[in-house]
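Visitor: I would like to learn how to read a sheet and a single side chain in a model. Can you take me through one of each?

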Amino acid sequence: MTAVSRHDDAAGHERDAGQERDAGQERPGRRPRRHRARLVVTALSAAVGLLAVAACGSDGDTASGTPAATPQGDTPATITFLSYNYGTPGLGGTGTQALLDAFAKAHPKITVKPQGVAVKDVLTRLRTDTAAGDPPDVAQIGWSKMAEAVDALPITPVQKVAGSEWESATAGISKSILSAVSTNGVVAAMPFTMSIPVMYYNADLFRAAGLDPQHPPTTLADVKAAALKIKATGKQGVYISVVDSGKSDYLTQSVVNSNGGSLVDKNGGVTLDKQPAVEALATIADLTASGAQPGVKAEAALAAFTKGDLGMFVTSTALLASAQKAAAGKFELRTAGLPSFGTKPARPTYSGAGLAVLAKDPAKQRAAWEFIKFLTSDEGFEIITSKIGYLPLRQSVATKLAGTPIVKLLEPALDQLDTVTPYTSFRGAKANQAVVVLQDEGVEPIVLRGADPQATLSKAAEKIRALSS
């Protein structure tokens, strides 16, 4: 079993200070903000340290290749970069372009040719390009796809590419994070983006429905009650974003984990048809059946939320910056933690991506390392957090951005880091196909079309067991 994580949209725009009225106020029982800011990466490191990643190394020299020579300054080179954020219409696309522009300014001798791809097509594109003998030199790969990618593709571990520069380049990143994404002490893909589910809510719609935006619902039962009150005003109530075109299961895992269940056990056995998982998805389906939640996919729900027509939207913090931009001048955006099942603690699962090296030419490998090193530097992570909304992975960046609107809105997610659970992968070379089966044949029919939860998950589980064998 592997434990890694992912999700992939995003955007980034700093909100007007005047729109931060109550969002930045202290809440009862919470840490002082300055203390929380110092703990951003500390808590993140502790949580991510729980992840056990089997995503490093494949057959042959992919896993045990000779370390590349340490780069000695910039040597002229041109490399390709496959990214699911690049070229997207949201601020994830503009944030990625900002990273590319900043790198070009700092390293004028290295030309990066970016290639955009839909997140659901990353593995297919990489397999196709590799078979054609033309894989990208660097690829952004979601953690849920990483185990299969490392197993199937000619990835050279980034730590080996870095050579003697590895220790100095990663000194500012928590050792527990690097440990989490390593196997046998070697890191295959550089931690790049990480996010966590959060509940965005429209404070104006709360007030219109007679709800107190200072006290958002914390349990799914309370979320349902609040959503029905918002629905009574003519707007949509809530959307738990477990169904999206990216075929992501990070939020499915977060919901199931929070009810005490899992999709796979510690030995990799499929458990998505066990009672806790069935009950968890039945609860989300009940939101749809009751009218508290619209029966649409995540993309339609996002459009409704950004228009001001949806009261609550549970999805990745990766969308935070774009949500800020959409809400500016339209409604007051606030955030709350992932809702729980009664008194059970919420157990969100991480999402995000790593940067993998597929270049084989030594000169291109050196240029790829310079690129990756910059993207995960202080300057790179500042852009990633402030313009896209992913969590900062360096203490220096967390400290610098403390008190900014986007970090204030990240606080509920940061407060739940102590109950975070690792992303878990299905076994085998068809792990990503198994996720598609889960989402398309399990989650979507249950949540959007009223399919029987037990029968539907049992059928999906048997299909996934066959794929995992």
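This is a predicted model: local features need pLDDT of at least 70, side-chain atom pairs count only at pLDDT 80 or more; totals for chains, interfaces and linings use all residues.

Visitor: In what order do the 5 strands of the open sheet lie?

Guide: Strands (E, at least two residues) and helices (H or I, at least four) are DSSP runs numbered from the N terminus; two strands pair if DSSP finds at least two bridges between them. Here the order is β3-β2-β4-β12-β7, with mixed pairing. β3 (110-116) and β7 (190-195) are the edge strands, each pairing on one side only.

Visitor: Which helix touches β2, β3 and β7?

Guide: Contact means heavy atoms within 4.5 Å. Angles run from 0 to 180 degrees between N-to-C directions, with axes fitted to C-alpha atoms, for helices over the stretch in contact. Helix α3 (residues 91-106) packs there, its direction making about 165° with that of β3. Helix α15 (residues 362-375) also packs on the sheet, at about 55° to β2.

Visitor: Is T421 buried or exposed?

Guide: Buried means under 20% relative accessible area, exposed over 50%, partly exposed in between (1.4 Å probe, protein chains only). T421 counts as buried because its relative accessibility is 15%.

Visitor: Which side chains make polar contacts with that of T421?

Guide: A polar contact is a pair of N or O atoms within 3.5 Å; within protein, one must be able to donate a hydrogen and the other to accept it, and residues adjacent in sequence count only if both atoms are side-chain atoms. The T421 side chain has such contacts with the side chains of N257 at 2.7 Å and T349 at 3.4 Å.

Methods
Residues are numbered from 1 along each chain as its sequence is written. Side-chain values use heavy atoms; hydrogens and water are left out.
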